[in-house]
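Reader: I'd like to learn how to read a model like this one. Could you walk me through it, feature by feature?

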Amino acid sequence: MALTEGLQAYEKEKLLLPLPKERGWGSRHLYLFQHFWCPSTHFQGVINFQNHFKAKDSDVIVASFPKSGTTWLKALTFSIVNRKRFSCSDNHPLLTSNSHELVPFLDFIFHGDNIQHKLSYLSNITEPRVFGTHIQFPSLSNSIKESNCKILYICRNPFDAFVSSWTFFNKTKSGSLHELTIEEALEKYCKGIVGFGPTWEHMLGYWKESIATPNKVLFLKYEELKEDANFYVRRVAEFLDCPFTEEEESNGVIESIRNLCSFEKMKILEVNKSGTFDRNIEKKYLFRKGEIGDWVNYFSPAMTEKLSKAIEEKLGYKEILI
Ligand code: A3P
């Protein structure tokens, strides 16, 4: 092991040791770091990202709690900001690359060593750069908060986000782990002990910021996006200071972007049906049903009461979910 790698491993251990630790849904531990439950696998990436990432004013950050529509919002954002470079034609990058490949997660980029190499890769990306993150707002790097870069946040009804996470976990878990029952999963979820959780803290952080600085953070809801994607494609473009021209509107550019990024289209693309991304996760599992309200098919009355109670107690600001 190179000397710098040894030092970094030592630093990581030194930082992790004093932190409260819980078992997550799988075998990995979660560490309570800066008030959120950070998966042990992401810790180094988060720290490196906080210490080294330099945001540019033109950057766009797609932030979300896992399973809230990240894949979709990444695709929409990439298509909107790059529409002059790539029209929604036969050779659009989204037809040959998954949106997570085009819009990488910041903490994932910074995982591992060789920071200089990562920084030079980042500085060579064509602007505007679009990145993803699951990190809670208070823990974003200062450079994101202080620069003029913009943040798009997507929030989803916790009932549906939970079912999406639980089904995803059981499909992608390592073979050696037992199938996680929905009751076991909900128990931890309601206590907030899930990667990047608690979910309510996550939503509240970005929601408060979207109210305090509406030109910096746009708070979107999965359900609203589903109901009127055209409206929100237009809204996102305006927020990112690249509104659609009348000519683009009349040429149907908004509809083309909506269709290109739709669940139905993305799910059947060869690039999304096979292969892996991130930590060897099969891409096909990113596209399940893409529906609103599917949770009713999984929840018993007792589970509904349990999660409703947790939301009521912890979220307080109910208008977030309305
Ligand atoms: P379901 O499991 O309820 O189907 P994330 O991208 O944050 O991991 O969120 C995954 C959820 O978004 C999954 O929900 C997935 O099916 C849905 N999804 C993926 N692509 C989508 C798209 N283009 N439009 C709408 N929903 C999408």
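Reader: Okay, how many helices and strands does the chain have?

Author: The chain has 17 helices and nine strands; helices (H or I, at least four residues) and strands (E, at least two) are DSSP runs, numbered from the N terminus. Its radius of gyration is 19 Å, close to the 20 Å that the globule rule gives for 322 residues, so the chain is as compact as a globular protein of that length. That radius is taken over C-alpha atoms, and the rule is 2.2 Å times the number of residues to the power 0.38.

Author: Some ground rules: this is a predicted model, where local features need pLDDT of at least 70, side-chain atom pairs count only at pLDDT 80 or more, and totals for chains, interfaces and linings use all residues. Residues are numbered from 1 along each chain as its sequence is written.

Reader: What is the mean pLDDT of the chain?

Author: pLDDT is the predictor's confidence in each residue, from 0 to 100. Here the mean is 92, and 95% of the residues reach 70 or more. The model scores ipTM 0.99 and pTM 0.95.

Reader: On to the ligand: how many residues surround it?

Author: A residue is near a molecule if its C-beta atom, placed from the backbone, lies within 6 Å of it. By that test 20 residues surround the ligand, and the closest are T70, T71, S164, R288 and G290. Helix 3 (70–81), helix 8 (158–172) and helix 15 (263–268) each supply at least two residues of the shell, with the largest share, three residues, coming from helix 3.

Reader: And what is the shell's make-up in nonpolar, polar and charged residues?

Author: It divides into seven nonpolar, eight polar and five charged. Ala, Val, Leu, Ile, Met, Phe, Trp, Tyr, Cys and Pro count as nonpolar, Asp, Glu, Lys and Arg as charged, and the others, Gly among them, as polar.

Reader: How do helix 12 and helix 14 cross?

Author: Two packed helices are described by the angle between their axes and the distance between the axes. The axes of helix 12 (residues 229–239) and helix 14 (residues 253–260) come within 9 Å and cross at roughly 110°. Axes are lines fitted to C-alpha atoms, for helices over the stretch in contact, and angles run from 0 to 180 degrees between N-to-C directions.

Reader: Which backbone spots deserve a second look?

Author: Most residues other than glycine have a negative phi, and most peptide bonds are trans. The bond from E127 to P128 is cis, with omega near -5°, and P128 lies in the loop between helix 6 (115–123) and strand 5 (130–133). Another cis bond runs from G197 to P198, with omega near 5°. Q34, not a glycine, has a positive phi of about 50°.
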